[in-house]
Amino acid sequence: MKAAGVGGFKYHVGIESLAQIATRDDRVCVLNIMGGESSEVTPVGHDYSGGNVVFGTSPGRRGQKLETPIGAVPVYNNVLEGIDDGHRFNCGVVYLPPSAARDGVAELLRVNTELNKIFIVTEKLSAHDSREIRAMGQSYGVDIFGANSLGVADSWNRVRIGGALGGDHPEEALCKGSIAIFSNSGNFTTTIATYLRMAGWGTTTLISSGKDVYIHFAAPEFAFALGNDPRSKAAVLYVEPGGYYEFDAEFTKPIIACVVGRWKKRLTRAVGHAGAMSGGGDDAMAKESWFLRKLGVDDIYTPQRPVFSERGALVTNIAHIPAALAAVMREHKIEADFPPEGNLALKAWFKSNAGIALPAVLDMPVVEAMAPYGEQIARLNRQVGMSTPRQNMKDTSGASQMDSTTQITSLHGVSMLDAAQRPVESNIVLALLRGAANANDQALVNIVVGAHINLYAQPLLAAAQAARESGSTPNCVIAAAVALTGPLVAARAAAAVSILIDLFSAARLDDACTDEGALARVTVTEAQRAHLVADQPDVRAQAMLAGFDARGANSLVLDWLRNIGGHPTADAVLAAITTTIAWRALAVKRVSRTTVENLPWWIMLFGTAIGASVDASRHEADAFCGMRVSEIIGRHSLTEVACAALLGKQPSAADLFSFQTLIGLLLSNGPGSISAQGAKGAVSSDGPESPSRIQLNKAMLGFLSHSGYAHGGNGYEGVAFLLERFEGIDLADPGTPGHGVDLARITSEFAEAYAARRRNAKEAGSGEAGAIPCINHPVFKGKLVNLDPREVFVRELADSRGEYNIFHDYYRHLVQALFDAGATRNVFCVNVDALIAALLLKMLWQRHRSGELADAALETAAFTMFLYARMIGCAAEVEDHLNRGRNMDTRTPQANCRFVA
């Protein structure tokens with residue numbers, strides 16, 4: 001048994017001064033020296049301390065060595081082997097797992113009579129083991145630090161023992177000075193030292209006390225040793241909730257106490273450090289009150305209210321420590337240890353507010369970065385548009401996702417329910433530019449897509465018509481025209497976009513509609529100008545410019561183009577308009593430059609697809625589907641034009657509502673849909689990492705070839721079912737609530753007959769009586785009354801607009817009638833496919849009733865409606881895959897493929 005400790009402590013404290021905690025004379029043995037943490041940390045501390053580790057232990061590794069910058073450290077199976085080999089040490093460091101730490105301490109104490117200090121890095125020791133370690137330390141007269149500690153360091157002695165204080169380069173943080181640090185957190189010990197160094201204060205001894213339940217060398221011992229250290233003029237304490245050590249400490253020198261963890265008061269169990277338990281009288285607010293009394297102050301120190309005394313200050317933010325320390329030390333007429341080196345306030349090297357106008361207090365200033373980062377950031381700032389890391393995109397999408405609970409898909413964060421309330425032109429902007437379209441954006445989309453819909457006398461139309469007359473399905477008809485819309489068709493427009501991006505990014509254009517000052521900064525070369533204008537006017541260019549003026553649209557880029565001399569080409573006008581639409585998204589790096597350069601091609605493809613879906617007879621020299629081309633470009637919305645193409649007539653307001661709703665609902669069905677996989681597979685096989693190889697028309701062909709009647713099929717099956725149910729019923733207008741049809745009667749009669757068929761089929765053992773299309777859903781079932789949230793949303797939306805649909809109403813009556821007749825155990829949901837059928841049939845009812853549209857034509861219309869919508873959603877998938885996918889990353893691994901015989 002060693003003698004009692006110094007300083008009047010009841011228990012042993014062999015350390016009288018902080019200067020004795022980590023000295024150049026100390027020699028260290030490290031238990032579990034080859035462990036993951038120790039093998040990284042020990043060589044740094046050994047080098048910094050001039051070689052203070054004499055050996056380490058790691059069972060089964062005797063004879064191995066731990067390499068360090070100043071020589072190898074030998075490794076033994078146990079401590080006794082190292083001592084028997086002639087090594088001497090007075091400090092033990094424990095890196096053992098929690099279950100072995102107690103035995104490691106016992107081994108050190110039992111075999112080494114020269115031992116006087118133990119540093120326990122291990123965290124989360126059991127309270128039982130900690131009690132035994134405490135008792136053993138007292139019995140042997142050995143001071144113990146930790147557990148859950150990053151050790152100690154001394155800036156004067158240039159020594160580090162038992163942890164990673166100071167990080168990988170301790171000489172940078174541990175500058176010789178006059179301030180001691182005692183911290184419950186190991187990492188914050190280094191952080192606080194760095195804050196002090198920046199403010200001109202160096203350190204003496206730094207102790208990471210740890211924050212397990214037992215802190216063996218705690219605040220009372222530190223306060224005593226601080227008082228006896230002539231080097232230390234003050235101390236900083238970092239204090240977390242848990243334990244009463246600070247309450248018992250008596251400080252005779254100024255202290256800055258940083259108490260943190262008020263948020264832990266709301267918790268019901270320990271978090272992080274085991275002693276940080278809420279609910280007792282040792283929480284953060286209680287500890288704050290202790291220090292307020294000790295220091296003789298009435299409030300926390302902040303820069304706005306600098307409350308302190310000669311005894312010190314209380315802070316709750318480590319960033320306030322240097323200022324509080326300086327204020328207290330001025331009271332003692334003590335100057336800083338050396339000139340301040342700066343401060344650790346956040347200094348941004350670059351920023352991107354993503355287009356958000358921030359108030360001045362939040363809009364952080366930018367400082368010049370040190371070399372070589374400054375040059376790299378300058379290059380980064382010159383980059384136009386976003387750049388996304390490449391990743392495997394099999395069964396994955398950065399464009400769409402489906403909520404498994406509601407079955408509602410979202411595209412770039414916008415649900416299909418919200419998309420159903422947006423016009424087609426707005427959803428094009430959403431799909432390709434990942435954001436909302438304002439009125440000007442929509443007008444510009446209407447102009448450029450509208451200019452590419454009429455295919456009169458073009459090979460595109462001839463190819464589509466030949467496919468149509470051969471009996472091909474709508475997707476094959478459109479594909480025939482899309483196949484001819486190859487890269488060379490859009491090449492000059494894409495090149496023009498590239499020129500415009502270069503010119504206007506160099507001119508620092510902020511907003512393509514309002515930043516008129518940027519126009520004076522645009523410098524165009526003759527070669528660039530020659531690509532944008534011609535000597536003679538272009539018919540399509542003039543048509544788009546006339547449409548632009550007629551709509552009163554706004555585009556500084558187009559204004560500039562019209563004033564550089566010569567006649568803008570159609571490609572240049574298309575490029576100027578699409579660049580305007582995309583500029584904001586490009587400037588805030590929401591989309592890539594590649595996407596913006598692809599926009600003219602997408603515009604051409606959308607116009608071609610809509611145009612090709614209509615019989616060649618509807619294309620005239622100056623008209624499409626009875627609408628003059630000049631009015632399509634200058635007045636009509638794309639929603640109106642596409643709806644007219646589908647219906648073969650001028651759409652009513654009710655038609656436009658139904659059409660817009662369906663297009664929005666059908667934009668996407670998530671990344672796993674067959675159509676999206678077809679589009680993405682076409683991109684992946686071309687190698688999305690090399691955008692120049694990608695052919696967008698081939699990607700569209702991938703979508704088209706993977707689309708079939710099944711996509712519009714569920715809706716069409718609903719149409720066929722409704723036609724059968726309404727056969728012989730005199731229905732003039734399905735949109736009139738006073739239609740005179742007794743829905744309750746006809747649904748009850750059908751439900752009774754259906755229930756009887758089910759009973760008979762069951763008695764005959766022949767199975768079911770046949771499923772009714774468009775009711776029930778594998779997700780929305782099991783309740784007494786089941787609802788598909790998509791159907792509910794659209795029904796409520798229609799009600800709010802005063803829109804009525806007898807076919808939708810029929811389905812709602814039907815599910816109730818089936819339940820009342822005992823055909824179903826609960827009220828089935830009316831699913832989204834019924835909604836598609838009801839809306840589509842309502843739009844086409846008059847033409848079908850007049851004999852103009854046969855049943856097969858309704859099937860074609862359902863299919864075409866799907867293609868209109870899904871081509872927009874698949875364009876989003878293609879651009880997403882183009883920007884972030886890898887070559888062939890949609891391929892199924894061979895190991896997952898099977899041969900079926």
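Start by selecting arginine 745: with a relative accessible area of 44%, it is partly exposed. (Buried means under 20% relative accessible area, exposed means over 50%, and partly exposed lies in between, using a 1.4 Å probe and protein chains only.) What you have open is a predicted model: local features need pLDDT of at least 70, side-chain atom pairs count only at pLDDT 80 or more, and totals for chains, interfaces and linings use all residues. Residues are numbered from 1 along each chain as its sequence is written, and side-chain values use heavy atoms, with hydrogens and water left out.

**Stop 1: a pair in α29**

Arginine 745 makes a salt bridge with glutamate 749, and their closest N and O atoms are 3.1 Å apart. (A salt bridge is a side-chain nitrogen of Lys or Arg within 4 Å of a carboxyl oxygen of Asp or Glu.) Both belong to helix α29, and because they are four residues apart there, about one helical turn separates them. (Helices, H or I with at least four residues, and strands, E with at least two, are DSSP runs numbered from the N terminus.) Glutamate 749 is partly exposed too, at 45%.

**Stop 2: more salt bridges**

How many salt bridges does the structure hold? There are 31. Select aspartate 730 and arginine 849, whose side chains meet in one of them at 3.0 Å, N to O. Aspartate 730 is exposed at 62%, while arginine 849 is partly exposed at 42%.

Now try aspartate 622 and arginine 628, a salt bridge with its closest N and O atoms 3.5 Å apart. Aspartate 622 is partly exposed, at 37% relative accessibility, and so is arginine 628, at 46%. For a network of salt bridges, pick Arg102, Asp103 and Glu132.

**Stop 3**

Go to leucine 784, in the loop between α29 (743-764) and α30 (789-801). Is it buried or exposed? Leucine 784 has 59% relative accessibility, so it counts as exposed. Setting aside neighbours within four places in sequence, leucine 784 is in contact with Phe819, Asn826 and Val827. (Contact means heavy atoms within 4.5 Å.)

Follow that to asparagine 826, which sits in the loop between α31 (806-820) and α32 (832-849). At 14% relative accessibility, asparagine 826 counts as buried. Beyond four places in sequence, its contacts include Gly782, Lys783 and Asn786.

**Stop 4: a buried serine**

Select serine 130 in helix α4 (residues 127-140). Serine 130 has 3% relative accessibility, so it counts as buried. Not counting residues up to four places away, serine 130 touches Leu125, Tyr214 and His216.

For another covered spot, select helix α16 (residues 474-482), where seven of the nine residues are buried. Among them are Pro474, Val477, Ile478 and Val482.

**Stop 5**

Which strands come next? Three of them form an open sheet in the order β15-β16-β17, with antiparallel pairing. The edges are β15 (400-402) and β17 (414-415); each has a single partner strand, so one side of each has no neighbour in the sheet. Between β15 and β16 (residues 409-411) the antiparallel pairing runs over three bridges. (Two strands pair if DSSP finds at least two bridges between them.) Find glutamine 401, and you'll see it opposite serine 410 in β16.

**Stop 6: a surface patch**

Select Trp349, Phe350, Val367, Met370, Tyr373 and Leu380, which make a nonpolar surface patch of about 550 Å². (Patches are made of residues with over 30% relative accessible area and no salt bridge; like charges are joined within 9 Å, and nonpolar side chains, Val, Leu, Ile, Met, Phe, Trp and Tyr, within 5 Å. Accessible areas come from the Shrake-Rupley method with a 1.4 Å probe, and for residues only the protein chains shown count as cover.) Phenylalanine 350 is in the loop between α10 (321-331) and α11 (373-382) and is partly exposed at 44%.

**Last stop: zoom out**

The protein chain has 33 helices and 21 strands. Its radius of gyration is 38 Å, well over the 29 Å that the globule rule gives for 901 residues, so the chain is more spread out than a compact globule. (The radius is taken over C-alpha atoms, and the rule is 2.2 Å times the number of residues to the power 0.38.) Along the principal axes, the C-alpha atoms fill a box of roughly 110 × 85 × 60 Å. Of the 901 residues, 55% count as buried.
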